[in-house]
Amino acid sequence: EVGGETRLCGTNLKLLDPHPSVVATKLLERRQFRDCGKQFNMIACSWLQFMIHDWIDHMEDTHQIEIVAPAEVVGQCPLKSFKFYQTKEISTVSLQPNTGFINRRTPWWDGSVIYGNDEAGMRKVRAYKDGKLKISRDGLLEHDDIWIPISGDIRNCWAGFSLLQALFVKEHNAISDMLKEHYPEFDDEKLYQHARLVTSTIIAKIHTIDWTVELLKTNTLLAAMRINWYGIFGKKVKDLFGNIFGAELSGLVGLKRPQDHGVPYSLTEEFVSVYRMHTTLPDKIFLRDINDISNHKSAPPIQEEVNMKDMIGKEGERRLSKIGMEKMLVSMGHQSCGAVTLWNYPLWMRNLVAHDINGEERTDLVDMASIEIYRDRERKVPRYNEFRRNLLMIPIRKWEDMTDDEEVIEALYEIYGDDVEKLDLLVGIHAEKKIQGFAISETAFFIFILIASRRLEADRFFTTNFNPQTYTEKGLQWINKTESLKCVIDRHFPNMSKTWMRCSSAFSVWDSDPNPPNYVPLYWRLA
Ligand code: HEM
């Protein structure tokens, strides 16, 4: 059992204070599903996991921890107690404090979620013919004998996530075909390496100028993200002159050399914490009848409701192969994902079958809502108020500084009293009143925006080597013409968006209104 008296470095906040199961039960667990409106759909939710698995997965220790639910909530906890592995902590020479945690995945934006994370993983997914990756005839991922997908990441997967992996394997293979046509002298290795670079960059571009823009739907952020990619003078000027004016004017992509601001690139614990967005996962997936095209561009009728629990792991993979890629994409496109708010943490995740690193199901079920509270404390991520101070944001003095929702204020008071310093980060970022247009809190946004730039500017493939010698001329053209996830979907399913999508971005709910034409130049628009 966890030592309730273990202290976190330098503070007097304990690992179990307040108890993670109490926080999970009283503040996180879903009461009634709250969705994101038309802003973000299930493709956007799956995209989150698609990115997370490209970047991070903490290494676990062999030591197991058991969390036992205290009497006051035990009746409401699906698991009275549960076991999981402590995060592996290592000593570091140069850092203060002198310990840290190991990321098992490469933190680079290198598409490792489809290509694999190490030599063996990379070998497994390659077809070794014409630079291609393995893919089934039905367009979905291949599987081994026990239905574990053949893919770059197989841990804690579900059907939506595996669908995006398959879509980008298709994209890779299409790029290999294009390169082979233009550069017939390229062998399998050269085709694979170049197609990988192009695909990974397309993923990074979609995340920057499509997904993030939908997540933070304001004109300021639209401008900021496009500036990150294309620079302040926009795409046309950059296409003509390249990155000649440096980061401020020409954007981060194509800088002459990487910029790490004196700190070697890595992803911080704070970054992992703000990406804890399991509240975006719903309870059910609504499968739609895509043969019914009577109502052009409106939501096709719901044919079947499937519990999310049946869409995860091997069971989810089997179901997906019966559902098929097109039906799943259209269904996810038309379903709003969960809102990042209190009392919206899926109950089905409170007794979850988690996977080990080989994608095998573990026998000990886990309560994810409680684990997440514990993990941030275990990894010494500052609690909400300290976290804000560290970002030079104004700390709160009372609950009312964070929200005007009286029910939330009352619930926070019940768990934390009036000690605002105790407030867990995860609770804070779910409780904070949101800026209009933002699907996440302002506190989380600060980390998002800082790391979003670092991921681009610190990487030689987006800076020094973002050139035709490294990517090929045709590869760069492919990147340049791909502006959104919709472009990728259109390439592989030419009729899908024409038939089913009204909105402008594939990450919004598909029957929502498109962005109205705006003749005011981007930088002159009101935020
Ligand atoms: C059905 C879908 C999903 C399942 C089954 C799942 C399951 C899990 C599990 C078992 C863990 C490890 C918990 C631990 O021991 O610390 C985890 C970690 C995590 N998940 Fe999910 N997850 C899903 C979707 C998502 C989504 C949509 C997001 C959105 C951002 C997300 C973000 C994260 C993050 C940030 C971590 C921490 C990673 C780390 O500590 O290295 N997951 N998830």
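Let me begin with a definition: a residue is called buried under 20% relative accessible area, exposed over 50%, and partly exposed in between, with a 1.4 Å probe and protein chains only. The model is predicted, so local features need pLDDT of at least 70 and side-chain atom pairs count only at pLDDT 80 or more, while totals for chains, interfaces and linings use all residues. Residues are numbered from 1 along each chain as its sequence is written, and side-chain values use heavy atoms, with hydrogens and water left out.

Which protein residue is the donor of the iron atom of the ligand? His278 is the only one, through NE2 at 2.1 Å; donors are N, O and S atoms within 2.8 Å of the metal, or 3.2 Å for Na, K and Ca, and since water is not among the atoms, sites may look incomplete. A polar side-chain atom of His278 also lies 2.7 Å from a nitrogen atom of the ligand. His278 itself sits in the loop between helix 11 (269–274) and strand 5 (284–288). Helices (H or I, at least four residues) and strands (E, at least two) are DSSP runs, numbered from the N terminus.

For His58, a polar side-chain atom is 2.7 Å from a ligand oxygen; for Arg379, a side-chain N or O atom is 2.8 Å from one.

Next, helix 20, residues 473–481. Which of its residues are buried? They are Gly475, Leu476, Trp478 and Ile479. Viewed down the helix axis, the buried residues of helix 20 fall within an arc of 155 degrees, so they line one face of the helix; the arc is taken over the directions from the axis to the C-beta atoms. In general, an α-helix has 3.6 residues a turn, so residues three or four places apart point the same way. The cover over the buried residues of helix 20 includes helix 6 (159–182), helix 7 (188–215), helix 19 (468–471) and helix 21 (485–492), contact meaning heavy atoms within 4.5 Å.

Leaving aside neighbours within four places in sequence, Ser331 touches Phe286, Leu287 and Arg288.

Finally, some backbone details. Asp17 and Pro18 are joined by a cis peptide bond, with omega about -10 degrees, and Pro18 is in the segment before helix 1 (20–28). Tyr128 has a positive phi, near 55 degrees, although it is not glycine. Tyr128 is partly exposed, at 44% relative accessible area, in the loop between helix 5 and helix 6. Asp145 lies in the loop between helix 5 (119–125) and helix 6, and is exposed at 78%. Lys380, in the loop between helix 14 and helix 15 (384–390), has phi near 65 degrees and is partly exposed at 29%.

Terms used: A polar contact is a pair of N or O atoms within 3.5 Å; within protein, one must be able to donate a hydrogen and the other to accept it, and residues adjacent in sequence count only if both atoms are side-chain atoms.
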